[in-house]
Every structure is written in structure tokens, then in C-alpha cells.
There are 6 protein chains.
Amino acid sequence: MIVKVKEPLPEEYDFFKEGQILYTYLHLAADRVQAEALLAKKVKAVAYETITDSNGHLPCLTPMSEIAGRLAAQEGAKYLEKPFGGRGVLLGGVPGVKRGNVVIIGGGIVGMNACKMVVGLGANVTILDIAADRLAYYDDIFGSQVTTLYSNRTNILNAIKEADLVIGAVLIPGAAAPKLVLKDDLKLMKKASVIVDVAIDQGGCFETSHATYHDDPTYVVNDVVHYCVANMPGAVSLTSTLALTSNTLRYGLDIANKGLETALKDDKNIRNGLNVYEGKCTNQAVAKSLGIEYSDIEF
Amino acid sequence: MIVKVKEPLPEEYDFFKEGQILYTYLHLAADRVQAEALLAKKVKAVAYETITDSNGHLPCLTPMSEIAGRLAAQEGAKYLEKPFGGRGVLLGGVPGVKRGNVVIIGGGIVGMNACKMVVGLGANVTILDIAADRLAYYDDIFGSQVTTLYSNRTNILNAIKEADLVIGAVLIPGAAAPKLVLKDDLKLMKKASVIVDVAIDQGGCFETSHATYHDDPTYVVNDVVHYCVANMPGAVSLTSTLALTSNTLRYGLDIANKGLETALKDDKNIRNGLNVYEGKCTNQAVAKSLGIEYSDIEF
Amino acid sequence: MIVKVKEPLPEEYDFFKEGQILYTYLHLAADRVQAEALLAKKVKAVAYETITDSNGHLPCLTPMSEIAGRLAAQEGAKYLEKPFGGRGVLLGGVPGVKRGNVVIIGGGIVGMNACKMVVGLGANVTILDIAADRLAYYDDIFGSQVTTLYSNRTNILNAIKEADLVIGAVLIPGAAAPKLVLKDDLKLMKKASVIVDVAIDQGGCFETSHATYHDDPTYVVNDVVHYCVANMPGAVSLTSTLALTSNTLRYGLDIANKGLETALKDDKNIRNGLNVYEGKCTNQAVAKSLGIEYSDIEF
Amino acid sequence: MIVKVKEPLPEEYDFFKEGQILYTYLHLAADRVQAEALLAKKVKAVAYETITDSNGHLPCLTPMSEIAGRLAAQEGAKYLEKPFGGRGVLLGGVPGVKRGNVVIIGGGIVGMNACKMVVGLGANVTILDIAADRLAYYDDIFGSQVTTLYSNRTNILNAIKEADLVIGAVLIPGAAAPKLVLKDDLKLMKKASVIVDVAIDQGGCFETSHATYHDDPTYVVNDVVHYCVANMPGAVSLTSTLALTSNTLRYGLDIANKGLETALKDDKNIRNGLNVYEGKCTNQAVAKSLGIEYSDIEF
Amino acid sequence: MIVKVKEPLPEEYDFFKEGQILYTYLHLAADRVQAEALLAKKVKAVAYETITDSNGHLPCLTPMSEIAGRLAAQEGAKYLEKPFGGRGVLLGGVPGVKRGNVVIIGGGIVGMNACKMVVGLGANVTILDIAADRLAYYDDIFGSQVTTLYSNRTNILNAIKEADLVIGAVLIPGAAAPKLVLKDDLKLMKKASVIVDVAIDQGGCFETSHATYHDDPTYVVNDVVHYCVANMPGAVSLTSTLALTSNTLRYGLDIANKGLETALKDDKNIRNGLNVYEGKCTNQAVAKSLGIEYSDIEF
Amino acid sequence: MIVKVKEPLPEEYDFFKEGQILYTYLHLAADRVQAEALLAKKVKAVAYETITDSNGHLPCLTPMSEIAGRLAAQEGAKYLEKPFGGRGVLLGGVPGVKRGNVVIIGGGIVGMNACKMVVGLGANVTILDIAADRLAYYDDIFGSQVTTLYSNRTNILNAIKEADLVIGAVLIPGAAAPKLVLKDDLKLMKKASVIVDVAIDQGGCFETSHATYHDDPTYVVNDVVHYCVANMPGAVSLTSTLALTSNTLRYGLDIANKGLETALKDDKNIRNGLNVYEGKCTNQAVAKSLGIEYSDIEF
């Protein structure tokens, strides 16, 4: 049984052998070559990203969203500094001087965690979401520390006009993020304001976003600084590793202790994690995405 | 010994008699007729408003400022309602809709108490004061629930432009309030926004303020609703009476129990309250204001 | 397609014509004349009040409850003022003087929003509800700022005895509100205390409630001031309009962009809003209430 | 140089010798025998309890007051339990059931620390003090979690009537505590309610208080449980030792490093701690209290 | 109809008679003798502990968990005192001295209520749970006042090493609590630290726990003080009675007003409470546990 | 009259001319060449850094300390990221994973502002100060969100051992900062932890600190990342400019409107700002520091 964090590298495919258990992030839907290698070598592959918990959530993905949301605040604050290309605004202001304006588009896990941090830094925060229930929960938790707005085009445009920092936090699981801010909309924004697009792994929710890396994280379009690092949690690897392994460990130990087949039989959530088994694709979404046959194996 | 709340009415002056102790609000500096009556009748008059406490504060005036500050918020909220002439804005908004903007000019006791209430009602609150220390204390107590700004003409004008409600809370003890918002400035304000001028007892800090009464509390100038009731605490008479008597009682009981002269000798704070004694004016500020002789009687 | 806020007036019925889309509040269950006019003219009528969201809530009704709850606090505070007939109590008291006592009966959306505001005004707040889970959530959000009590007759009577302000917030969707406080119970209450009955649209939860209007909002029974304005959100029309249209707009745009029939087919929530279509009643509750035939049209 | 925590025991007096530095709590004003021994033996005695800091406070006494205040809450909660003689009331109640009522008389350091803890335990808290400024600070810090009242006989009697727990926290430095609750007043209180008298070291502020020890901490008078342990901080000796030595250490190190005489010359605060020097009493209050001669030695 | 709090005593079984309604806590699954008596005498027995509410929760058990959780904090604080065998640590420390460390294992109702109280007492709090959603909710409610950790053996052992107080709050309804801290693990803990095992009614979640009573609540194993009182809510009987009867009363009144059979027919939640009827066992879990026949009577 | 932000550059000295008013930061005590130029040219020089306010504070320095304190948190968070050389720790952790540990040495204006931000980012925060009063104020404002410790060598060493981030905030106005953490102490710290030394303008409070610039802000000593940028507020120039000019403007306008001499006569605070006048040094500290004659000119 091999336990990893990231998907295997192509040069590692040759080490695959039949019956081997591979337990890691796989992201096969967008990686036909790897999928075919796993199928051909009859690896038993369990992917972190499709394991579920008893509420149907994805326990190995959620902590990464929490980390990315919290990091979004600290990156936004940093790249607003003048020497990093920003407007030279301190998010919390100081007594006697206005707070910076932060707009968060999307009130899910990423948005909630970003919101806690920018509120903590003392900013003037506006959050937009389409779900009235979710906005009411923000009102319960944050009171008047946050302004909540229904997410629609008018409200988004009005909000970004005043913003020093805009955090894109609209994530639709398993789908491309909608483009909510277009290239021309950036002209409404203040010069040297900052965008952090946390949805970049799913294509981003700003039209002008493209993925960057930690060693050159930002670029400028229409005078707006863009921070679009694809693997944000990598910046805080110690915290990320603990968050990930705390969740993957319990399922991994079950597999190791009981044997894979028993674990699959006992626990529907691990079964949801199984992607490849004895040369067959056992995850419906992956099969569909790759246009290959799906096998509904029962244990 | 006569204990009252408000100053004696002219028709009561005839009942004054020599040696009588009068213990009430007097406000003699602006009331020569009453002062002369008290002097002529040789009343021993102790005024609530000049009694001090061990910190040099005015314990019989402070609670009235606290009440007026708190009321300012509830009056402002009410007169913003459409049927009362206001813009039809709910200060706290609701989830999905913007909060109302409140601007408080002056961060003393009135401002602090008004601030607590408008923050409590969920408004977006800006407070202006000239003292950096005081603004830092607001930041300690309210965190990001309040925006603090240095009070200067630029900041005031920018603030009132966005305001739904402006509360005037600039009080300089014993002096006329400065006129910080002029008639022409009102043109910058939103139509049907509301002003509450808590400084009205000292002339008001809006040029367009003039005192009103509880039975017709508001009027409109340049499309801005003005609430300028002179005796605001009268609206909550039960609370005001408790607040006042809790403070006046302890000094009053001392006077009654010990006799006035012993009380004056024992307690400098009561001595500060003495305004007229045996036909002489014993309060320096009152004497100066009325242009009469001051007697520094010691007990 | 006609978009309105309130239901059409009788004099407008003549303008109805076949195939026209009418999108507004209708409240047909209690308005046979209008229902018959819409059926006869074969109007396609979508009612705000029966549109649902993905959680089964009523997104075009909720914000009105939030507004009414928040307003209840500010009306209660205002009508407790002496010149408005109340006891002359300031809800938050001041340092050294007791806070006013507020009792909220019902902990749903109206109760939660009223609660936030009276807590914000510094009152001593008691909330009664029958659901233990809901009371525990209040304890999570408000901590010791609120006393929670199981709603039963003993607790209600004990609570109103001490109250300065009682807010009735018991709403059972689509049913008459239960009468939880009877006329005789008012004798237990303090003289000149205040009742705000937010349930008045559904008959009120005080036996002595009857609907009033913004121009004469209160009346007195058994020495208790009653505020029972039927259309409370109208007082803050600007906020109410934004709250309403933010929610109605998205469904309205769908209807306009896709055509009504496609919108009805695509979105079950809009289908739930359809009340009249091609001369047939398509809402079960309305049909039942009016004793007419229900047509379960599918799109 | 001898460093202790408590004053020397009589059997230790024989070990005193001339020129020795003694650095500990002494409390000589009430201990003539010890004072005479120190004078006779020409000990150089520096007492923790009269050392000052740059604000004129007593840094070696304050932490003991903070600890006693915090403990008062936890003792009160405990002795309200039925098996310990109390009413069987949980201070914070639970959702649906009323919170317990706690009354704190005195808003100084003891009162503030007791208040934080009973608020933390979810009680319904009332604090009484005579200083309006202090009550306003409580309002700033605790908001509506605490009711503040002016301390006078009427308010005290009304408050204790409703109380489950009354904490006596009235301490006048260097004087006997005033008796604010008399024996007969206890009849107003609820059966099996609890009193914690933190002022017991200065005689207590309840007429019925007398000092107890940790091994038998409570007794009952008029159906009211009294907790009057004289050395409360001893119950949490680990915390108390750290709190005490953190403060005494810095002065002690100065004395050890520089020599006593230089330390006395350099630092007025240590000079204030000197009680006996070369056979003379060097603290004015101690001298006065014992009726012996005071020597104003300068260094 | 007989209404009690605790189950009938054996000496009361003789008073049972056919057709009698018994409404109280029964806990028959572990009490065969009582069950047989009720069956033989054909009592109609409704048990508090199996009544449900509309969310499927157990409304007559929840308040007891809330009370036990809150008490756990106050017992832990008390038995940490030196004279009671503890380390002599004050949970909240004082300014300048470290706070005590509290570890709560289990974040359900007991854990949440214990957490509120130890946070309120100013401790440094760590809570462990296996559900990521639940930990996120703690983060929403408590922010940085609480450290949340995934519950696994590594984290538990690391946490208890630093702890002054460990609260066991792991309750699996209807099952024995898992033993999460073993006897040997106690050697990792600090000398004279304290354990409060709220799960003791279900066997406890510490291997070394055994039930104690209020008159001798603690014992020591491996230098760790154990508080394992089985009926914790009995310590605050006044609060517990109100909490219990507020919930049992509404169902009891229904039974009394409508007659048992109608109440059973109208309300599925009361039906869930029925354990014995006309000589038959009508609760599936009880029947299974006692190995007797289950009768699914419908009303 | 010339108004600048920073002191004049040497190449600008030639433009000085007699009678000119120079109003800017000067820092003459450490800049003999500039002082001599100003004296020789008989410039009238008012320095921001010695202007006082009515409380004796330095209103043109305080906002820069507030900004630096707030920035310290965001720099510390950023340089803890792995790609920037740090440990890869997210200060707030995420639910289920420990928070980062932040230690702030010094609880003045810098420390308070840093503290607000790191608390806001969700860190586990410890603050050390020598003043018990100040620590108690932190306890009032932050409650259990912050651990307060007396600042002494033992506590500092224990604290930095556990720290991910240490913020040096010990500033003694007009003196070199004390070296509280020595080079060897760094060996106690975790690998790749981060130091931010806000006291760098006064030499720093870490032995290993030396000033850096925004374009290369960090360096590593003993595996600890050092951030020691000398002009931190320059990073947020927009906020800093507003904070500075809001304070300098009011004095500057007075000088411009009244003429310098009248302004000096009217306002003692401006007089305190005067450093050079008609060829004489008019600030005592500057004169002493440069060893030149001081002239106590009165206006």
C-alpha cells in the first residue's frame, strides 16, 4: 500500500504493479494518461478527493478550502503594500483613518474563512452570496462587522468599485467557476487594487485570471494586481499536512488494518473514494469524464 | 430644605425665604432674574449642575448626557421612517441589503452612548473626534464595528455626504457648541436624511438647528429632517429620574443629615455646588457671567 | 409581463388580458374577487409569496419578516417614551440604572431579528420558544445577553409581568396566529408598558390586537399601549424595496429571458409561484382555500 | 537576606539578627509583637504590602485581589450546589431555564475579576458601585451582560432579594470594610442562597461574616450559606505563587544585586516598602497605627 | 396517572395496578425486574428517555446533558484547588500568569456546554472531535478562544500531557462510551491534575473511571483526581427540575387532557415514549435488550 | 513656509534661507550636520516628532507606531510561509489543526496594535509587559484570546521556545531599545520561525537585528527569519500619509493662518515642536544631545 500526497509522476508509473493499493490525491477526471496507467497495471486506487463523510461532504478537500480562504486574506493584505505593487493601503486602517474595503464574492467555506481573517485584520468587509440563508448566518456570526449583499451583477459591480481587495471565492464542486468579473469591469476598480482568485483551480471567477506559482505569484491587468496561485495551501505546508493527514489517516488506517476489500465493504465513504479496481474504473464521474466504462463493483 | 428637579418658576420666587436651603438644577449663569431673587431672599442655594465628584467630573450632569446620547440613536432610527419624513431606511438593513450609514460628530459621553446604540441597531457607523487617544479607545471597545476619523472639515463633509443619520454630539462644557455643519453643507446630504442635534441645549452644532419640543420634535431644512428637542431625557422620565436622584440623593442626604454648613465643610464637592449663600454669590463662573461680586466663603 | 409590488387594485382588473404575465404579491387565498378576475381573463399569474428556494423556504417572504422583526424593536423603544404614551423607560438604561425588560414570544425569523436589535439597544431580554434546539442556538449566538425560556403559559405570564416591552413574534405560516396573551392577562402587566404584535398580519398573537396603520399606529387597552401596524416594512420602504427586488428579480429575469413556460419547466421554485394559468388555478392551497378546482399542470 | 511569603512566626523571631534583610509580607500595623521584635533586633524589613509601582498602586497586593475575585465566582457556584448546602441552582441555567442571579457589591479589582467569571459562567449579573465612572467602564467592557447600579441601601436591598449568590467585594485599603448587609437583611434573601465575602481579611462587608479556613469554609446564618475563607488565594497555590513572585522578584533582585541601601536610594517604590530599619520604624502608617515614632530616613 | 422523576423503587411495585398510567424515567433496558413488574401488572408506562421531538432528538434527555456539561466545568475548577486534592491552579490565571489548560474530549451537547463554561472561566481550551463540521462550528462560535483538534490517539495523548483538567464528554447514545484514555496514559498527565468523566452513566470514557456519589465525589488513580459522579444534575436540583418538567410537562398534559390512547394516536413522539402497554413491551430497543417480544401496537 | 514629510536632504541645505519656516520630521538629535545648517541659515524649524498634545503624548508619532504594530502581524504571517523562508505555518490554523503561536514582547501602542491583528488572524497569542495595569487592560479587552505574562527573562525564554512568530515591540521613547533576546537565545527557537523587530528604528530589541529595506526585507540568523524593515509604514503609504497629515495639518494650518510667532504663543504644543529659531536651538533634548546651547525663548 502506497500513501502519497500528490498524484504519481509519469516516471513513477512503471513502478505500479497489480494488486498494489495506491492512496493519494489522483484527480483522474482530467488526467487520462495516469488513469490508463492505473487501469492497465490493475492498481487498486483510492483517491482522497472523492472520499465522503457521513454528511456527504468531502473531508479531504474541505480543509484545503479552509486554508486557501484564510491565506487569501493574508495574501491580499500583503500585495496591497506599495513595494509589492498595491495601493499602499493597510486593511484595518488606524484610529482616525479609514479601514480598507474588502469584497468577497461567494460565502461558502472559502468565503467564510477569508471573511474571518479580513474581519480580524479590521477591514470593512462586504460579502456577496445568492443564498439568503447563508447571508443570514453571516449576520448571526459577524453582526455589523460584515455587510451582506445578494450576489447579482449590479451589486458585484458597485462593490468592486469601492474595493481595495476583491477575493473570488465562488466554487461549484466539479465544475468550472463562473466568470463573475469581466476584463472590462476591472476599469471600474481603483488603480493598484488587488484581486485574489481562490477559484483558480477551477478556472477562476475573474475573466482575467490565470494560474501562477508561489515563486512569481502576481501579475497586473488593467492596473489591478492579480494573485492567482493554484496551490495556495502549499505556502503553509506544515499546517496543510496536518490538516490533510488528520483526515486521510483514519480512512488509510482502516484500509491498512482491515484490508482494502473489507474496508470498502464496511464503509461507504471509502467505497466512494475508490477510483480504479482490478483494471476497471469504479467512479462514475471519472468514467463519464474520460468516456470510459464504469463498473459498479459491490463489496 | 426644598428639593426639586427643575429650577423654580418665577411665580415661586415669592415663597423664597431667608435661610431656606434650595437643592435643584438652577442654571443661574443665564438667568439673572432668578439669581437676583435668590440673592435678595438670602436663600442658600445648591445647584446640581456645579456639584463635582472626586475626579472633578459633574456627577449630576453625566447621566443626562448618557441618556441623551442613547436616545439620539432611537430618535434617529424612528425619524428615518418614511411616514415620519425620513428616507425609509432601516439602520441595520437586513441580510442581503446594505446597512444604513450613521455619522456621529464628537466622541465624548454623548457620542459614546449614541455609538453603542447605533452599533447595536446594526448600522454602519463613523465617529469623528479630534483626540487621537479617544479614537484609539473606540477602536479598543468597538473594533471594526466603527470607523474612526479625525474630525476636520474635509472628513466631516465627506462623511455627511454618505450619511442617512448624523448625530451632533459636540459639547464644550459651559460654552456654545461650535457650528460644524453649515446650512449650505446640508445640500451635500441625501434627501430626507436625518439630523439629531444633541448639543441643542448649548445652541447646537448644526447652523440650522433650533430647539424643539417633544410634541413637535422635527422640522425640515434643505430636505434634511432636524430633530432638536431641547430636553431629550424628559422622554424617558422614569429612567431619567432614577439616574438623576441616584446621584443627587447622596449629596442631598448629607446636607439633610449633617446640616448644610457641616456638609459644605466636610465635602469640597458639595461646596462646588453652592451658588448663593446669605445674599452672596459663591460660584465664580456664575458671578463672572452675571457680572456680580464673587464671595469665596470658607466653611 | 407586468411586475408590481402589491396586488392589483380592483380598478386595474379591466386592464388584464389573456396571456399576460403578472408577477407580484397576490395573496389570492383571501381574495376571491381578484382570483376570479385573473381566472376569467386567463392571466398567467406568478405570486411572490408562494415562490420557494432550494431549501423549501419562501425567499420573497423571509426578508419582510426580517425587516418587521428589526422594526419591532425600534417601534417598541419609541412608544415606551412618555410623550408617546409609554412608561418613560429607556431600554438600555444607563450606567447605574436598570435596563428595560423586553419579552419576545417566538424565536423564529421575526424573533431572531427583534432579539438582535433589543440586545443591541442594551435591554434585558427574555425569549420564549417551544423548540429546545432553537433556544440552544440563541444561547450559542447571544450567550448571557439573552434569557431563554420554554414557551408555556406559566412562563409567558411570569415574563410579561416584569416586561416593559412585549414583542409578539409567533407566526405559523399559512395559519392564524395563536392567541397567547389574553385580554385579562394585560392586567398583570405594568401600566403604560408596550406591546408590538408582529403577527398582526395573521390575526395577531395578543387577544387585544387589531390592525392599525402608520398614520395612527397605536391604541391603548387595559393601560397597555398596542402597536399593531399591519404593513410594518412599509415604514422603511427603501430598505424593503431592495430586500424584495433582490429576491424577486432573479426569478423575474428568468421568466423574462426564457419565457414563462421554459422558466416553469426549468425551475420548480418558479412553478411553485404559479397561481393562475390559462384560466385554471395551479396552486393547491389557494384552490383549497377558495373551494375551486386545482389543476396540476406540468411544463 | 531572607525571602519568605508569609510573616515570620513568633518561634522564628529568635533567629532575627542585626543587619539582616527580611523581605516578605509583614502586616505590622496589626502585629505589635512582631514589630517590636524586628525593631529590637535591628532587622532591615521590607514589606511586600507597602511596595508601590510607578502609578502609586500596590503591585504585590493587586494579584492577590485578582485571584480572590476570580475564586469568589467558583466558590459561589460550588456552594450553591444542593449537596453543599446551597439552593441547587446552576448559575448559567440551561437553554429554556432561567440563569442564576449574582450580585456583586463593589466594582474595584476584586469586583471586576469576580464579574468576569460569573459572566463567563452565564449568570445574570448585577454590580453595585458608588463611582459613576467605574460603572460606565463596566458598561463599556461588558455591555448588556451586566446590570450596573449605584450602590446605596435601597439598591443593595432590592438586589439581594433576588440573588442566588452575593459577592462582597468592598475593600477600602488600610481600613475596615463597611458593613453593607446587616444580619436582619439576610431575612430578605432566598433560602439557601450563598454569600462569598472577599472583604473578610478586612473584617468583611456582611455583618454576619467571620473568617473561616479551607478545611471548613462555610457556615449558615439565617438560612444563608456564608463562605468567608480568609486566605482565598491559598486554594490555588500554584497560580498564587507565580503571581506573587513575578511581582516581588523584580524588587527582590534589585535589593540583592545593588545592596539594600542603593536600591532604596534608586527606587522610591522599594523605599515605600521599607518598614523597619536600624531599630526605627520607617513607615508612617505603621508607626501611627502602633503609636510609635516614625523616622523619615533618606537614602 | 402517576408522574415521577426517577424510576419506581422495588418496594413501590406492589402499588402498580392494571390500566394505571406511569409517566417517569424508566431505563428498562437495564432493569429486567422492573420491566417484568410493569408487564405483569399491565401498567401503561411512558418513559421520558425515549420520547422524541420533531427533529428526532430526545427532549427529556438533552437538558440533563446540558446541565452535566456545564457542571463539569465548575467541578473541574473546584477540584483543582489544593485543599481538594488538585494542582492548585486557577483556570483563568490572572493578568501576568498563565491560564490553566482544559481539554474536552467530545464536542456534542455535553462538550459544547462544558466548553462555554471553561471559556467563560478564562481557561486555555482544547476540544477534540472526529467531525470536521462540528469543529468548524466551534470555530464559528468561539473563534480563537478555543483550539479545535481532530480526535485521534496522538492528539488525545499530546493534549492530556499539558492539561490541568480533562473533561470526558464522549457519549454514544444507547451504547457504552469508548475508553479513550487508558490507565497507563494517566502517567503522561501532570501530578494532581483533574479528570471529570461526564460519560460515567454509560461506563465512562476513561479506563480508570468508576461511578461516585455527591457525598464522596472524587478518588485518585495514578496521581490524577477523578470526579465521576453518576447523577451530576442532582447537584443543581432546582435548575434540573425546571429543565426536566418544562419538557415532560407538555407531553404529560397532552396525555392527561386527551387520554393516553388519543395522545398516542395524535403524536408519534409520545408513542415513541411508550414502553409497556397492556402487558406487552412496545419499545423495540428495550425488547431487544431484554430478549422479550416486541409488540408494534398502533393507535 | 515649507512642509515636508521626511527631513531635508543635504543637497537641499543650500536652499535654506533666513526666516523661512520649515515644518517636517527633523530628528536633529542624531543629525548634527543638519542641525548646524538650520542654525547657520537661521531657519525657523518646527519638528513633527516633538509636537505634543494636551495629554503630553506625541500626536505625530503615535499613528506611525499604530501602523507599524499592525503591519508587524501581516509581515509575520507572510514570512512564515514556506516559499518566503518560514516554517509553513498558518497563524490561525484551521478547524482540527493547532493555531500558530505568536509572542509579542512589549504591550504599548505597537504591541496593542500588533495584538489586535494576530488575534484577528486567529493565532494563539502571548503578550509580555512589565506593567501589571497594562496586562490587566489586555485582559479586559481581549479576555481569553490573549495570554498575558510578566516580562522577565524566564518568561521570555519560555515563550520564544514555543513561538512561530515573535514580535519585538519594546520602545522606550528617545532611548535605545533594550536587547531582550540575545543571539544565543535564538537556538531555543523553532527552525524557520520568524522575528519581526518593530523597535529597529531605535536599534532593535533582538541582539541579531539590523535594519533592512522593503526591497530585501529579511535575513536569517541561527535559522530564524528576521524582518527588520526600518521604515515599516512606508509599505502602506496611502494609509500612512492620511494618518500623518490628519495630525500635522491642524498645527500646520495654525502656523500658516496665525503666523508662526502667534501660533507659538497661543499653543504650548506647537512651542514644543520648535527646534531651531533665529540661529538658536530651542529644544532642550536636542541641545543636550548635540552638546550645544539651549535657548528658552518665550513668545
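**Chains, domains and a sheet**

Modeller: Let's start with two chains that stay apart: chain B and chain E do not touch, and their nearest C-alpha atoms are 15 Å apart. Here, contact means that the C-beta atoms of two residues, placed from the backbone, lie within 7 Å. This is a predicted model, where local features need pLDDT of at least 70, side-chain atom pairs count only at pLDDT 80 or more, and totals for chains, interfaces and linings use all residues. Residues are numbered from 1 along each chain as its sequence is written, while chains are lettered from A and ligands numbered from 1 in the order in which they are written.

Biologist: How many residues of chain B are in contact with chain A, and which elements of chain B give two or more residues to that side?

Modeller: Chain B puts 17 residues in contact with 17 residues of chain A. Helices (H or I, at least four residues) and strands (E, at least two) are DSSP runs, numbered from the N terminus. On the side of chain B that touches chain A, the elements giving two or more residues are helix H4 (132-142) and strand S6 (146-150) of chain B.

Biologist: How far apart are the centres of the two domains of chain A?

Modeller: The domain assignment, which is automatic or from a database, gives domain 1 (2-59 + 236-290) and domain 2 (64-235) in chain A. Six residues of domain 1 are in contact with six residues of domain 2 of chain A. On the domain 1 side, helix H6 (residues 237-258) of chain A gives the largest share, four residues. Taken over C-alpha atoms, the centres of domain 1 and domain 2 of chain A are separated by 32 Å.

Biologist: Which strands stand at the edges of the sheet in chain A?

Modeller: Strands of a sheet pair through backbone hydrogen bonds, either parallel or antiparallel. Pairing takes at least two DSSP bridges between two strands, and in chain A seven strands form an open, mixed sheet in the order S6-S5-S4-S7-S8-S10-S9. An edge strand has a single partner, so one side of it is left without a neighbour in the sheet. In chain A those strands are S6 (146-150) and S9 (218-221).

Biologist: In S10(A), which residue is the bridge partner of A:Val220?

Modeller: S9(A) and strand S10 (residues 224-227) of chain A run antiparallel, joined by four bridges. In S10(A), the partner of A:Val220 is A:Val225.

Biologist: In the hairpin of S9(B) and S10(B), which residue takes a positive phi?

Modeller: Strand S9 (residues 218-221) and strand S10 (residues 224-227) of chain B pair in the antiparallel sense over four bridges. Their hairpin has two residues between the strands. The residue with a positive phi, near 45 degrees, is B:Asn222.
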